[in-house]
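Dear colleague,

I am handing over the model below, together with some notes on what came out of going through it. Please read the notes with the coordinates open beside them.

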Amino acid sequence: MRAAVMTLLRGRKARLTADRRFEAGQRLRDIAAGRLSACRAAKVSLHDVSVSFAPDRSAAVVSGLELTILPGEFVTFLGPSGCGKTTLLNVIGGMILPTTGKVRINDALVTAPTPMCNIVFQQHSLFEWMRVADNVAFGPRALGHPDPRGEAMRFLHLVGLEEHADAYPVTLSGGMRQRVAIARALATSPSVLLMDEPFGALDAQTRSIMQEELLKLRRSIAPTVIFVTHDVDEALLLSDRIFVMRAMPGGLKEEIAADGMFRHKEKVLRNGKYRALRQHILTQIREETLKVFNRPNRMQR
Amino acid sequence: MNRSGISRFFTSFPWFLLSLPALLLVWRLAADRVDNPVLLPSPNLVAESALELFGDGSLVADIKASLQRVFTGFFIASTLAVPLALLMAYFLPLRQLFLPLVTILRPIPPIAWIPLAILWFGLGDKPSYFITALAAFFPIFLNAFAGGIDVQPRHVHAARFLGAGRWLMVRHIYLMSALPHVWTGLRIGLGQSWMAVVTAELIAAQSGLGYMIQANRINLETQHVLTGMIVIGMLGALMTTALGWCERFVLPWKFQRQ
């Protein structure tokens, strides 16, 4: 009986995924035909979301999360290691199903990864066997775009890498690979862009340039962005809203409205409000980190 | 050939030019010292034997017979091993069903199958096909299986987010992720079947390089035996080089540098 129910549910999930893929493909064809503007931003809502990897659903990684992210917002999750930032991103993306609660993108329940939402990982996830243009064209091709190569070139131009279209990813630097990954993620015109420490593996200078590039891209393409980072300055620079997360179990500790006030890096460094906010966030994260460190059974875990 | 390939060729080639005459010199000195062409014929004698065997066409016929057996066995092995390994990598019930069998069968050397192969297929080409296929099967299978389970979750997730359906996923993600391992398996498998064909022909065939070596050993024609051995070595090296060249076309991204 249970097996039959599971089979039915799996079938339903597969149909839902196929339907969403069709919708995304239709949307992309509409964008190509000029019937629709690119990157309609979507609302993301999390209702009482908890995630536990234990079979008895104890020891939740994320617990009781209630959150609404508005269309076009740039939201950043900050917090100590292990507080569930990446887990949360995976839940929003549909890579992990929540143990309890629901995630919706524009009122559609998230049950599996769909092209309405796309992700940029910390470590480059480019397909190393494909040339740069083929990597970027993969999404449009999968969704039935009439000119995937042209679409890929358009997004490569946007990230300034059109002259590397025929190169293999292995020949590019770390920063260039992440730019290709961003172009690839944007090429399906996602409504929500998830970014899991996308600049975490880059050196300081490249990271700074990439942050500026991302801001520039946001001006031309404006999906809802959900960003995960450890870097407070990066969060303040890029975000409209910052969520500081608590650890054990992961959840929201504090919501900070940055409202894009700190987008001019050179001006904010001497700004008193910026420095106070930065210090406040660092204190919050430190408190959570110490909480994890001082857990009595930390060594036994 | 790219620049690094050319420079590698030009740095290694002079050493080859040096090592070959050195080997011939040592061989010649050893043959003079032994002074018995049955125990160790001189390089001159072997060269004369090679010309003679090429001249009467028997060596070419033996090479053709051996190559046909190697490629047939290799083709059978790769046709069976690659799909089976990939299916086992992707479907857990198949893995649980077949992996214990593979674990038991794999350590049995191909030579141990020769008596059964003769009983089942008689003498001639068929037992050789069976032995060469068996020798190639396991390296191809194990490497393809490793490739199948080596697919990176981040590639799978990225492809799903990009809207890849099942067919696109299999063709562009699972197969391409496994391809470097599959290729390594094919390279090792071809080498193994080449070694196995000689073993099989020594016992279970009436043509081919292995049979030619065996027949000439009985007739104490050691120079013909050595000719056969050298041809085997040269053909093996040729196959390895050819596969190395093909790799540049099959896995071009592996030859790119930052």
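Is Val197(B) buried or exposed? Val197(B) is buried, because 31 other C-beta atoms lie within 10 Å, where a residue counts as buried if 20 or more other C-beta atoms lie within 10 Å of its own, as exposed if 12 or fewer do, and as partly exposed in between, the C-beta atoms being placed from the backbone.

Before the rest, two notes on conventions. This is a predicted model, in which local features need pLDDT of at least 70 and side-chain atom pairs count only at pLDDT 80 or more, while totals for chains, interfaces and linings use all residues. Residues are numbered from 1 along each chain as its sequence is written, and chains are lettered from A and ligands numbered from 1 in the order in which they are written.

Chain B

The secondary structure of chain B consists of ten helices and zero strands, where helices (H or I, at least four residues) and strands (E, at least two) are DSSP runs numbered from the N terminus. Of the 258 residues in chain B, 34% are buried, and the C-alpha trace spans about 75 × 55 × 30 Å along its principal axes. Of the contacts in chain B with a separation of 6 or more, 73% are between residues 24 or more positions apart, a contact being two residues whose C-beta atoms, placed from the backbone, lie within 7 Å.

Val197(B), the residue asked about above, belongs to helix 8 (residues 166-204) of chain B. Leaving aside residues up to four places away in sequence, Val197(B) touches Ser66(B), Arg69(B), Val70(B), Ser128(B), Thr132(B), Gly208(B) and Gly210(B). Tyr211(B) is 14 residues from Val197(B) in sequence and 9.9 Å from it in space, C-alpha to C-alpha.

Further along, helix 9 (residues 209-218) of chain B packs against helix 10 (residues 222-250) of chain B at an angle of about 160°, with the axes 8 Å apart; axes here are lines fitted to C-alpha atoms, for helices over the stretch in contact, and angles run from 0 to 180 degrees between N-to-C directions. Helix 9 and helix 10 of chain B are therefore roughly antiparallel to each other, given that angles under 35 degrees count as roughly parallel, over 145 as roughly antiparallel, 65 to 115 as roughly perpendicular and the rest as oblique. To this contact helix 9 of chain B brings Leu209(B), Met212(B), Ile213(B), Asn216(B) and Arg217(B), and helix 10 of chain B brings His224(B), Val225(B), Gly228(B), Met229(B), Val231(B) and Ile232(B). By class, seven of these residues are nonpolar, three polar and one charged, with Ala, Val, Leu, Ile, Met, Phe, Trp, Tyr, Cys and Pro counted as nonpolar, Asp, Glu, Lys and Arg as charged, and the others, Gly among them, as polar.

Chain A

Chain A has nine helices and ten strands, and 45% of its 301 residues are buried. Six strands of chain A form an open sheet of mixed pairing in the order 6-7-8-3-9-10, two strands being paired if DSSP finds at least two bridges between them. Strand 6 (117-120) and strand 10 (251-257) of chain A are the edge strands, each pairing on one side only. Strand 6 of chain A runs parallel to strand 7 (residues 192-196) of chain A, to which four bridges join it, and Asn118(A) stands opposite Leu193(A) in strand 7 of chain A. Helix 5 (residues 174-186) of chain A lies across both of these strands, at about 175° to strand 6 of chain A.

Elsewhere, strand 1 (residues 44-52) of chain A is joined by six bridges to strand 2 (residues 60-69) of chain A, the two running antiparallel, with Val51(A) opposite Val62(A). Five bridges also join strand 1 of chain A to strand 4 (residues 100-105) of chain A, again antiparallel, and there Val44(A) stands opposite Ile105(A).

Where the chains meet

In all, 24 residues of chain A are in contact with 16 residues of chain B. On the side of chain A, the elements giving two or more residues are helix 1 (2-32), strand 6 and helix 3 (132-142), and the residues of that side divide into 14 nonpolar, eight polar and two charged. Helix 3 of chain A is largely enclosed by the rest of the structure, because ten of its eleven residues are buried, including Phe138(A) and Arg141(A).

With best regards
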